[in-house]
Amino acid sequence: MVKNDQGLSKKQTLKYRYLTKEDGKELLLAYMLDLCIMLSPMMIWNIIMLAVLGSLLSIAGIFIADIFVGVFMVFTLFILNAKIMKKTKGCTYGMYHFGFRIIHKDGKMATSKMCWKREVFGTSIPFVILMIFTNIFGLIVYWAINMLVVCIDKHHRSIIDFFTKTCVVKMEEVEDELQVVEETKEEIVEKLNTIDLRVHSNFSAQGIYNVEELFQMAVRKGIKTLSITDFNSAKANAVALRMSELYHLQYIPGIELSAQYRNHKIRVLAYFIDYKNELFTTIENTSLLNEKKASVERIRRFEYYLQMQIPTEQLLRNNRYQRITGKMIAHHVLSREEYVHCSILQEYRNMSLDKAIDGLVKRYFVKGRPCYVEVECPPLQDILDVVSLSNGVAILADAAYLLDEKEILEEILDCGIEGIEVFQSSYTRSMMASLLQIAQRKKLFITCGSNFYGEQKNIDLGLCRCPKDAESLVKLFIDTRKD
């Protein structure tokens, strides 16, 4: 299976594949080339020995040669490879010459440091130990066992690969024509981006991490530019700007706003905002009131079918976001004794709690069902006016889900939207390709975002699916506005 190392591109790009038996010859040659480099100090020792035997040097030259060769051998085994790997981005010279690379078990390219550790613990240290205690015999046995493991394993991993959780792969240059296909997680190697402009903290209803925890994660994952865009809340920005100085990470103040256009509920990302503007406090308070209103109505409708009351105020009392979802209602009535005799719940009593909650939600609370209640949103134009008054830039989020309604999408973009979130964790390649064409045609800014709330839905911080060579388009938006 061929996997992409660069993402979307219309030019020649590198892809990798797992090794096959046909790669055995080149793999052996690569290993022999590395072995020649590793044992090159021994050649110097042999030259000195010949000089001694030819009476060109005294016998004392052998002792000097031993010291020199020992020091040079340590340099070759432990330092030279590190230098080579730094230049080749994680390859020994032999691997680089024959087009091999090292990947981690998660499909990402191994770092130079990881490859160096693999080489040291898999080759250098065993070589030194076996040569000291068993001479060349032990070394030959080790190499033979290693080659046997490589031949047997389906991905042709060596012994050390099982400990470092790595694998050797073959790199190939192929023409990527930006194929319009659906890709599963197994069919694409996701790479984290250095820019993530759609992240949620615990100021969002479903957010798990606080602001500092997000910055700590961002630093660990190599993210250089971050924006926390909490849902209808700008509170995180004050803390985030302080954290950006502490963690030396570029931060862009942001917020995610809900809006209504005709019968479509859409999301607008606003960047470079004056987060202290009172308009955002008004939006947050209005959003909380609308959430509470929808929650109360949701409960009221379900009480009609339940034929019992639900303690609405009790559920709202410690609810920071005034949001009682259908799932929360279902959990409440299915896990408490007072509702045990309700007739509409009887069919769920013999199920596991999770399955019962899921069934109740699908029957009563999803869109089109009797207890579904839509949360009120401000008109799109009002939201765009707020963004403009706060000196922000309005970017259309989740635009991919309007691609089937091109006329509506065009109308929304013509209302004053300045950019599109082209790259996002949940998009397919065909969606991103279509949005990129629209953004370029209409000369709109291009952004990327993971829409990270936590680890749910297998979305990682920095997983924006933006190709590395396309990050420059996002940087153009950042640099243009920054200047």
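Colleague: Where is the place of N232?
Modeller: N232 sits in the loop between β6 and α9 (236-247). Keep in mind that this is a predicted model.

Colleague: Why does N232 count as buried?
Modeller: Buried means under 20% relative accessible area. N232 has 4% relative accessibility, so N232 counts as buried.

Colleague: What is the phi of N232?
Modeller: The phi of N232 is positive, about 55°, although N232 is not a glycine. For background, most residues other than glycine have a negative phi.

Colleague: How do you know whether R465 is buried or exposed?
Modeller: The relative accessible area of R465 is 10%. The cut-off for buried is under 20%, so R465 is buried.

Colleague: What makes S158 buried?
Modeller: The same cut-off of under 20% applies. S158 has a relative accessible area of 9%, so S158 is buried. S158 lies in the loop between α6 (135-152) and α7 (159-164). Leaving aside residues up to four places away in sequence, S158 touches R118, N146, V149 and V150.

Colleague: Now the sheet. In what order do its three strands come?
Modeller: The order is β5-β6-β7, in an open sheet with parallel pairing.

Colleague: Why are β5 (195-199) and β7 (250-251) said to stand at the edges?
Modeller: Each has a single partner strand, so one side of each is left without a neighbour in the sheet.

Colleague: How do you know that β6 and β7 pair?
Modeller: Two strands pair if there are at least two bridges between them. Strand β6 (residues 225-228) and β7 have two bridges, so they pair, in the parallel sense.

Colleague: Which helix lies across β5, β6 and β7?
Modeller: That is α8 (residues 211-220), running at about 155° to β6.

Colleague: How does the span of α16 (residues 429-441) compare with the one expected?
Modeller: Helix α16 has 13 residues and reaches 18 Å from its first C-alpha to its last. That is close to the 18 Å expected at 1.5 Å a residue.

Colleague: Which residues in α16 are buried?
Modeller: Among them are R429, M432, L436 and A439. Just after α16, K443 takes a positive phi of about 55°.

Note on methods. Residues are numbered from 1 along each chain as its sequence is written. This is a predicted model: local features need pLDDT of at least 70, side-chain atom pairs count only at pLDDT 80 or more; totals for chains, interfaces and linings use all residues. Side-chain values use heavy atoms; hydrogens and water are left out. Helices (H or I, at least four residues) and strands (E, at least two) are DSSP runs, numbered from the N terminus. The expected span of a helix is 1.5 Å times one less than its number of residues. Buried means under 20% relative accessible area, exposed over 50%, partly exposed in between (1.4 Å probe, protein chains only). Contact means heavy atoms within 4.5 Å. Axes are lines fitted to C-alpha atoms, for helices over the stretch in contact, and angles run from 0 to 180 degrees between N-to-C directions.
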